[in-house]
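I opened my notebook to look up how one chain folds and how it meets its partner. Here is what I looked at.

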Amino acid sequence: MKSAEAYSRRELLIGAGLAAAATAGRAEQAHRISVIDCHTHAGTGTTLTDPWTTIADPQEILRRNKEAGIDKACIFPISHDTFEEANREIAQIVKRYPGRFIGFAKHDPVNERGRIRAMLLDECRELGLRGLKLHVKPTPEVLDTVAELGIPVLWHPGRVAMFDDIAKAYPTVDLILAHLGSDLSSDWREHLAGIEMARRYPNVYLDTGATVLTRYLEQALQEVGPEKIIFGSDEPEVDCRLEIFKIRVLKLPKQQEEMILGGNIQRLLGKYKGGAS
Amino acid sequence: MKKETRQPLVIDCHALVGAGRTWADPEREVDYDLNLLLERGAEAGIDRHCVMPPRNHTYTEANRQVARICEKHAGKLIGLAAHSPQREAGRLRQMLVEEVRSMGLRGVRSDGHPTRELLDAALELGIPVLYYPKPDRGQPLGRYYHMPATAYPKVNCILPHLGQFRSLSWPAHMEALDLARRYSNVYVDTSGVGSFKYLEMAARELPPERILFGTCAPELDPRVEKHALELLKLPPDRYAKVAGLNILRLLGV
């Protein structure tokens, strides 16, 4: 073993440099924003009429997430009429793969009316779910509970215009508009309406998932800025490896890309105030 | 000694130039940005694009514009004509003969169900027909493909978007796979498939000769479409066919 005197000045400098680099690397690692996919379905369905009523296999999702460099995904059930059982399955999946998933509940405000507050409180406090996914327009019962819990709502509405009165009436509820307003870009006008909605209301955010006409992602970025855009994929029907590429190909400044890929959703998830058992 | 490796040619079989209305939405007017296509195509590593006009009422002028642009960008673009077999009936052969033999176009997009007039001309000229049916509600995709594919086995038909632009209906992708399996003259292109798993299914289930790389650029981002091709992780020989050799063979280039 060399004595301290035997080390040349150059060796000592190299050693110091390597140590500094390692420290910086650890610091960078510690400060790296997790990449989070805000829009992933998981679990089993019962009606077997379409892929989204049959199965969304978490292991397949994890395989693609790993390849895409996604650290965590917000998962919620596929299509059902009511969601109590499906939400329990989501909680089980989250538990089965620690650190990889963030569970969201899903509910149908019409089919499950009158029972949603109790279910959602239980799902957040007891099962650890941290958000709500909706397709049907939320009722006051849903929105009051969501406001009480401080959880974000990822909503895929029939029409973007449905966001208007909800966003206005519940300014403290964070609403994420799924698919930038139009699933698979089936109607480009809805993308424009979505961008306008995010510009008008501070509490409306845009999820990027399953946007085929990616020029509207670019337009959204220009018009509402990266702080209102949240990366999502719509796994497993839409592949997260392609969806994340749609963000990375924009070659944004690092800070902006981090906001979209994880920082923004992390901020919204950090508002949880529902408590735990 | 450094080993020389040749990169396979990447030829986009489905891109757009010129003015008109989008194929997906006849209410949206477009004048496609050629520079955007070329810049993003180059960034994606695409060697050449086959370009066709967007939707028009009739196509004489639109096809001339395609030919002019291709002449100016020879080596980068290959021109395809478009025609409406219904609105341009009676004049199709004459127009296509001129567009192919004098103006250098290499294929035709059928705006509407292909008729005998269009398919006879395509057979005579040895050019492929790109046809994307917009099925009526409840009509399966095969309803539009079985007859032309059966009656004209020597005319190569390209079914874009693996049968369904943006994957709005997953059964159409399954039908497209069935059509390509059944008919040796039916090919599918990879452009604008929203649900990537159906492209993976095509790569697994179809012979590689029957899949053509396409982008639908600049309507869609060619960099994203090319990334989808890479994600298929095809072995080199299959990749070369899908990426470019297949379309070059169909075009006789």
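I started with contacts inside chain B of this predicted model.

Next I looked up the elements. Chain B has nine helices and eleven strands. I then checked burial: of its 253 residues, 53% count as buried.

I looked at overall dimensions. The C-alpha atoms of chain B fill a box of roughly 60 × 40 × 35 Å along the principal axes. Why does the radius of gyration of chain B agree with a compact globule? A compact globule of 253 residues would have a value near 18 Å, and chain B has 17 Å, so the two agree.

I picked one helix, α1 of chain B, residues 34–44. Which of its residues are buried? I noted B:Leu34, B:Leu37, B:Leu38, B:Arg40, B:Gly41 and B:Ala44. These buried residues pack against β1 (11–16), β4 (48–52), α2 (60–72) and α8 (222–231) of chain B. Just after the helix, B:Gly45 takes a positive phi of about 80°.

Then I turned to the contact between the chains. I found 16 residues from chain A and 18 residues from chain B in it. Helix α9 (residues 240–248) of chain A gives the most to the chain A side, with four residues. By class, that side has nine nonpolar, three polar and four charged residues.

Last, I checked confidence. Chain B averages a pLDDT of 95, and 96% of the residues score at least 70. The predictor gives the complex an ipTM of 0.95 and a pTM of 0.92.

Note on methods. Residues numbered from 1 in each chain as written. Chains lettered and ligands numbered in written order. Predicted model: local features only at pLDDT ≥ 70, side-chain atom pairs only at ≥ 80, totals over all residues. Contact = placed C-beta atoms within 7 Å. Helix = DSSP H or I, 4+ residues; strand = E, 2+ residues; numbered from the N terminus. Nonpolar A, V, L, I, M, F, W, Y, C, P; charged D, E, K, R; others polar. Buried ≥ 20, exposed ≤ 12 C-beta atoms within 10 Å, placed from the backbone. pLDDT = per-residue confidence, 0-100. Rg over C-alpha atoms; globule rule 2.2 N^0.38 Å.
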